Amino acid sequence: MCYDIKASLEGQLAKAKKDQDYVAVEEILEKLIPFTDLPIHHASGFSHPELLIYTDRSPNFPEVATWGLVPFWVHDEEQRKKIWNNTLNARGETIFKKPAFKTAAHNNRCIIYIDGFYEHHHFKGKTYPFFVHRKNNEPMALAGLWSECENNEGGTSITFTIVTTKGNSLMAKIHNNPKLKEARMPLILTHGRIDQWLSPIAQNTIEKLIESYTDDELEAYTVRRLRGKEYLGNVKEISQPFEYAELEFNNQEY
């Protein structure tokens, strides 16, 4: 699963800077960022934050989108509210089968750049949040699906979901929820697979891209509580290392 993320402004601008498209950098900062919730030190998908996504229709310039995919065929506001808490993630193994995702899986794929994500580890009846990020601290490119539907203002809104896959060995250690059959993780794409994900390719080719990301390039550490009275909110300190004396292997990199 991937319900909690960190997404900095720098991460959103990384692609444009890498392409040396400085006009795009200025346009993103001026025209798009004010309509998002960025920068995000921590946000839960259940708060439905506004982020930037790179879609297959606009692979070089991002669009503002809300986390929680609402299929194009949903027109009722009550139905929208019911469905988008259940569409924060899309299991990669079933995106071509689920009614909410199958059209987007074929035609509307996107990339979401984040700095890292949070997962909870279960230990002696309690949960402890970990922050997972790339060892080189570069942004992660997550595979996603997007949809466009009518909104209450008479216009259209873009929404998205994050595709997930089976967890790697790192996630198997961290994401050990006893209620789940297996550990999960977001589908992180290597640089060479980003263009593929955004290209008009066949279903079997897409399915081959859905696999666990190597844990050799990832690391994790414990952070402060992301829920309850101890939660600090969307502040910089929330993603910094924090030790729990009672937790075995406390604050060691996995």
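Is Lys15 buried or exposed? Lys15 counts as buried, at 18% relative accessibility, where buried means under 20% relative accessible area, exposed over 50% and partly exposed in between (1.4 Å probe, protein chains only).

## Basis of the model

This is a predicted model, in which local features need pLDDT of at least 70 and side-chain atom pairs count only at pLDDT 80 or more, while totals for chains, interfaces and linings use all residues. Residues are numbered from 1 along each chain as its sequence is written, and side-chain values use heavy atoms, with hydrogens and water left out.

Lys15 belongs to helix H1, which spans residues 9–18; helices (H or I, at least four residues) and strands (E, at least two) are DSSP runs, numbered from the N terminus. The buried residues of H1 are Gly11, Gln12, Leu13, Lys15 and Ala16. Their cover includes strand S1 (4–7), helix H2 (22–32), strand S3 (50–55), strand S4 (58–67) and strand S6 (109–114). Just after H1, Gln20 adopts a positive phi of about 60°.

Not counting residues up to four places away in sequence, Lys15 touches Tyr54, Pro59, Asn60 and Tyr113, contact meaning heavy atoms within 4.5 Å. Tyr113 lies in strand S6 and counts as buried at 11% relative accessibility. With residues up to four places away in sequence again left out, Tyr113 touches Ala7, Gly11, Gln12, Lys15, Tyr54, Pro139, Met140, Ala141 and Ile194. From Tyr113 to Gln12 the C-alpha to C-alpha distance is 6.2 Å, although 101 residues separate them in sequence.

## The two largest pockets

The largest pocket holds about 490 Å³ of space. On a 1 Å grid over the protein atoms alone, a pocket is an open set of points where a 1.4 Å probe fits, with protein on both sides within 12 Å along at least five of seven lines; lining residues have an atom within 4 Å of a point. Grid points are joined across faces, edges and corners, and a volume is the space filled by probe spheres set on the points. Of the 21 lining residues, Lys15, Lys18, Tyr113, His191 and Ile194 lie nearest the centre of the largest pocket. Two or more lining residues come from each of H1, S4, strand S9 (140–150) and helix H6 (191–197). The lining comprises eleven nonpolar, four polar and six charged residues, with Ala, Val, Leu, Ile, Met, Phe, Trp, Tyr, Cys and Pro counted as nonpolar, Asp, Glu, Lys and Arg as charged, and the others, Gly among them, as polar.

The second largest pocket holds about 280 Å³. Its lining has 13 residues, and Met1, Tyr3, Arg91, Thr164 and Arg184 are the closest to its centre. Strand S5 (residues 89–91) gives the most to this lining, with three residues. By class, the lining of the second largest pocket has five nonpolar, four polar and four charged residues.

## Aromatic contacts

Seven aromatic pairs are present; rings of Phe, Tyr and Trp (its six-membered ring) pair if their centres lie within 6.5 Å, and planes under 30 degrees apart count as stacked, over 60 as edge-to-face and the rest as tilted. Tyr128 and Tyr244 form an edge-to-face pair, 5.1 Å centre to centre with 75° between the planes. This pair links distant parts of the chain, 116 residues apart: Tyr128 in strand S8 (residues 126–134) and Tyr244 in the segment after strand S12 (218–222). Tyr128 is buried at a relative accessible area of 1%, and Tyr244 is buried at 6% relative accessibility.

Ring pairs also join Tyr118, Phe131 and Tyr221 into a cluster.
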